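These are my notebook entries on one structure.

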Amino acid sequence: MSIFEPSEGTLVVVPSLSLPQDELRRIKGARSYEERLLFLLLTLRNPGVKVVYLSSAPIDPDIVDYYLSFLPDPDDADKRLTLVSVDEPWSQPLTRTLLAHPDIVEQVRAAITGEAWLVPFVLSELEEELAASLGVPLYGPATSLAYYGSKSGAREVGHEAGVPMPRGFGDVRTALEIDEAIEALPGERVIVKLNDGYSGLGNAIVTKGDRSLTSFAATGETWDSFAAKIADRGAVVEEFIEHRPLYYPSALAQITPGGQAQVLATHDQVLGGANGHVYQGCTFPAASAYRAEVGASARRIAQILADRGVVGLFGMDFFALKADAGYAALLCEINLRIGGTTHPFGAAVLTTGAMYDPATGYLMCGDQPKFYTATDNCASACLLGRTPGEVIRTAERLGLGFDAERRTGNVFHLLGAIPEHGKLGFTSIGDSREEAGELHALTRRLLCGT
């Protein structure tokens, strides 16, 4: 069973951000990231599928109507959609709030018919407790396997898979271990990454001999506060790749409940933020120079994780750099959860009907390959105070919508962040890399003035 093509049953979507809350609070409009999985409403095109979608706050009806407009029978799809909101101030993960309201859990249980799967954004003990309460299986890795999604666990899996990685040390916690690891690595700088860091916000670049020059991805971080997190959560210390140009490809993979592992896509990530480590968007597919190597490494890693019992969607991040004989791709980390590239891939697949060809790395719609460019961070002061419906209608009027006949155009997301934060995301789909890129640039310019 794949969540991108369920034939029947109920998808209980729980987009709870059960992640380190200190890091999430640094992301503008983080609450709206619960909308990242709204692309799963497009699975309602199959009349045997129901979706129960949970959220911390009510989702704007115009956003729901927008996603249903992609379907051949929006009215019928709407009858098979149940939206459940706790509507409380966002001070903790959604799942924790849900578990504190047995009446809401009962409402979810009553909405489930037939076989069901709980689809979490990230899986923690909270999601396991909710799934047990509902009596439905989880489409995600058990928490007993969470170590393999940590930075240290990724190094262990990478070694077993024979995948190249930067030189480094895993599972460091004490000040002595940190110092020894830093001094043992080559170069003037090293990178320290918290085991469970999210969106690059758990990273720090350390200059040997002068900790005062340390560059933290998270604003307001100090070495004392960062060292306390290392002691509590563990970290890896790795050589800092100084090579330029440096590229940041990733792979999206899936392991079905039956244990079948497959790579779904490769992307080139666009990173930004204070020190260039925070995910901003992506392009599909990854560049041809290293696409095959990234895909092959991802398949080996996915098979090892499948053998260990992992289920669900997950991502793998790489570095790609020019070597003597072509390009080398080095494993950076494994994210055992739905990530930033999942919703662009889901939006592209579910709107175009394209299928991934592992031989070429393309999404094929018949004989036509599909390409896309996506962002999570199109922000502008001119969007502040506007409603999602206004922006959707403006995009349609400007010719920035989706052409169902050509199966090209934009699919918008994070629309709930527009009124308060002037921010949205979108995936621009084209029949060539150039077409997708040009549409993306035009959309940024016309909607965000960037």
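I call a residue buried under 20% relative accessible area, exposed over 50% and partly exposed in between, using a 1.4 Å probe and protein chains only. The model is predicted, so I took local features only at pLDDT of at least 70 and side-chain atom pairs only at pLDDT 80 or more, while totals for chains, interfaces and linings use all residues. Residues are numbered from 1 along each chain as its sequence is written, and side-chain values use heavy atoms, with hydrogens and water left out.

Entry on aromatic pairs. I describe a pair of rings by the distance of the centres and the angle of the planes. Rings of Phe, Tyr and Trp (its six-membered ring) pair if their centres lie within 6.5 Å; planes under 30 degrees apart are stacked, over 60 edge-to-face, and the rest tilted. By this rule I get 16 aromatic pairs. One of them is Tyr 147 with Tyr 148, edge-to-face at 5.9 Å centre to centre with 65° between the planes.

I took helices (H or I, at least four residues) and strands (E, at least two) as DSSP runs numbered from the N terminus. Trp 223 and Phe 226 are both buried.

I also noted one aromatic cluster, formed by Tyr 66, Tyr 67, Phe 70, Phe 402, Phe 412 and Phe 426.

Entry on the hairpin. Strands S14 (residues 312-323) and S15 run antiparallel and are joined by nine bridges; I count two strands as paired if DSSP finds at least two bridges between them. They form a hairpin with two residues between them. Phe 319 has Leu 330 of S15 as its bridge partner. Strand S15 (residues 326-335) is largely enclosed by the rest of the structure, because seven of its 10 residues are buried.

The charged end of Lys 322 sits over the ring of Tyr 327, 5.8 Å from its centre. My cut-offs here are NZ of Lys or CZ of Arg within 6 Å of the ring centre and within 35 degrees of the ring normal.

Entry on Gly 197. I found Gly 197 in the loop between strand S6 (189-194) and strand S7 (203-207). Its relative accessibility is 14%, so Gly 197 counts as buried. Gly 197 and Asn 335 are 138 residues apart in sequence, with their C-alpha atoms 9.9 Å apart in space.
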